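Here is a short report to read alongside the model. Have the sequence and the 3D view open as you go.

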Amino acid sequence: MSDPVNVLAPEHRRLRIGDGWRDAASGATFAVEDPATGTSIAEVADADAVDGLAALDAASRARAEWAATPPRRRSELLTATYRALTGRSEEVARLMTLEMGKPLAEARTEVAYGAEFFRWFAEEAVRVEGRYSTAPAGGYRILTVPKPVGPCVLVTPWNFPLAMGARKIAPALAAGCTTITKPAAQTPLTMLLLARIMEEVGVPPGVVNVVTTTRAGEVVSALLADSRIRKLSFTGSTEVGRVLLRQAADNVLRTSMELGGNAALIVCADADLDVAVDGAVVAKMRNLGESCIAANRIYVEEPVREEFTARFAERMGALSVGHGLDDGVDVGALIDEAAVTKIDELVTDAVGRGARVLVGGARLAGPGHFYPPTVLVDVPDDARMLATEIFGPVAPIIPFTSDDEVMAKANDTEHGLAGYVFTRDLRRALRFAEGLDTGLLGINRGVISDPAAPFGGVKQSGIGKEGSHEGILEYLDLTYAAIDLP
């Protein structure tokens with residue numbers, strides 16, 4: 001089969017600004033790497049602040065006309081994007097695998113997931129409603145009018161190159177906002193292909209702008225300092241999120257933040273172990289563990305600890321590692337050398353503190369950025385991997401003996417994005433649902449993301465929600481009008 005990069009013509013590996021594709025003002029470019037081989041696969045434009053502001057000029061020019069576009073027309077364009085992505089799923093997935101490293105089967109799943117945001121928000125676009133009511137004291141009427149917030153800066157991560165952009169672009173466009181997307185430098189090609197697809201289906205110039213860059217701080221800071229920007233949506237680390245929140249404060253921007261996680265997965269003694277093992281493998285290994293909602297700490301109640309651990313370790317050890325485009329591969333390459341080094345250091349730290357490795361535990365030789373599925377037991381409470389986001393295929397298993405004990409350990413983190421509980425006791429499940437400090441919770445399932453459900457964390461895992469009806473509200477302001485009726 002032909003090189004997946006060829007689906008994106010050279011002229012579309014540039015900046016998408018306004019009605020055209022252009023080189024960076026400086027002429028600079030940067031290389032995109034295949035993480036499975038460490039080789040360059042494409043050169044894309046490397047924007048600076050001048051280019052970012054040019055994209056803002058385009059978004060500002062398109063703002064009024066797009067906001068005035070009938071909701072049905074906006075809906076039709078989002079539906080057309082959904083159909084185009086679905087129809088071109090294979091080429092989008094192959095490009096994604098090549099630049100990000102995930103196995104092709106996972107990339108196909110992401111294309112389907114990302115496309116669903118366009119379908120969901122196509123339906124939401126025609127259901128944005130205000131209200132009209134009589135004031136409780138009488139004498140006048142209350143009218144509320146939702147309006148698009150205005151030009152939005154959307155900063156997306158490398159781990160889900162299509163879905164994270166779709167989860168932001170779709171509600172923004174449905175609400176009537178124009179956008180400037182800054183994809184991660186490791187995975188810009190998928191976002192550029194999405195921009196090309198949206199151009200092809202007829203999304204007007206200036207509504208979807210894409211600025212690729214290795215100078216994210218410079219470009220995003222310049223945009224946030226401009227008073228024409230009215231909204232920032234960011235998915236990434238808590239550390240970067242704090243910086244962006246400080247910058248957004250100067251212009252009092254609307255913000256959505258989906259930040260880091262440290263998800264606990266809890267297996268109770270009364271759980272169906274078939275379901276628990278299946279769910280734990282998915283929750284840990286989806287996207288190679290490079291996911292903010294990946295199971296980071298696996299707590300197993302003592303009576304079933306040995307059986308669960310043996311079955312889980314066997315499943316993890318049976319996963320095949322290789323290039324994501326090769327047949328039969330379960331685990332592809334991690335995104336870069338820094339990711340492998342971080343994971344290796346976390347495992348070494350845990351072992352040095354007394355942990356034992358049951359499966360994996362050592363980086364793989366050869367080209368590319370690979371680390372095998374790894375399971376550890378006897379992991380002490382002071383191991384670094386329990387306090388930080390692992391973001392890779394490493395699973396520490398920790399025993400517990402009571403609900404109060406495991407609830408306290410699960411909540412003992414600055415993060416509060418996701419959690420998982422496996423139990424056949426409904427009352428127990430509800431106690432965990434009420435007691436765990438998370439924005440998302442999977443009960444007897446390891447897959448919890450859904451465009452129809454609100455996605456977002458609590459504590460230092462974020463602000464606001466993406467997906468569901470709540471997702472479009474993040475891109476709407478509300479005007480209240482008091483209408484006198486004497």
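## Around S291

S291 touches N159, F160, R286, E389 and F391, leaving aside residues up to four places away in sequence; a contact here means heavy atoms within 4.5 Å. This is a predicted model, in which local features need pLDDT of at least 70 and side-chain atom pairs count only at pLDDT 80 or more, while totals for chains, interfaces and linings use all residues. Residues are numbered from 1 along each chain as its sequence is written, and side-chain values use heavy atoms, with hydrogens and water left out.

Where does S291 lie? You will find S291 in the loop between α9 (273–285) and β13 (295–301). Helices (H or I, at least four residues) and strands (E, at least two) are DSSP runs, numbered from the N terminus. S291 has a relative accessible area of 5%, so it is buried (under 20%; exposed is over 50% and partly exposed in between, with a 1.4 Å probe and protein chains only).

## A three-stranded sheet

Now to the strands. An open sheet is formed by three strands in the order β5-β6-β20, with antiparallel pairing; two strands pair if DSSP finds at least two bridges between them. Its edge strands, each pairing on one side only, are β5 (131–134) and β20 (476–484).

Strand β6 (residues 140–148) is joined to β20 by nine bridges, and the two run antiparallel. P148 has L476 in β20 as its bridge partner.

## The annotated domain

UniProt lists residues 21–478 as "domain: Aldehyde dehydrogenase", in an unreviewed entry; such annotations may be inferred rather than shown by experiment, feature names are shortened, and positions follow the numbering used here. Over residues 21–478 the chain is 41% helix and 20% strand, with the end C-alpha atoms 35 Å apart.
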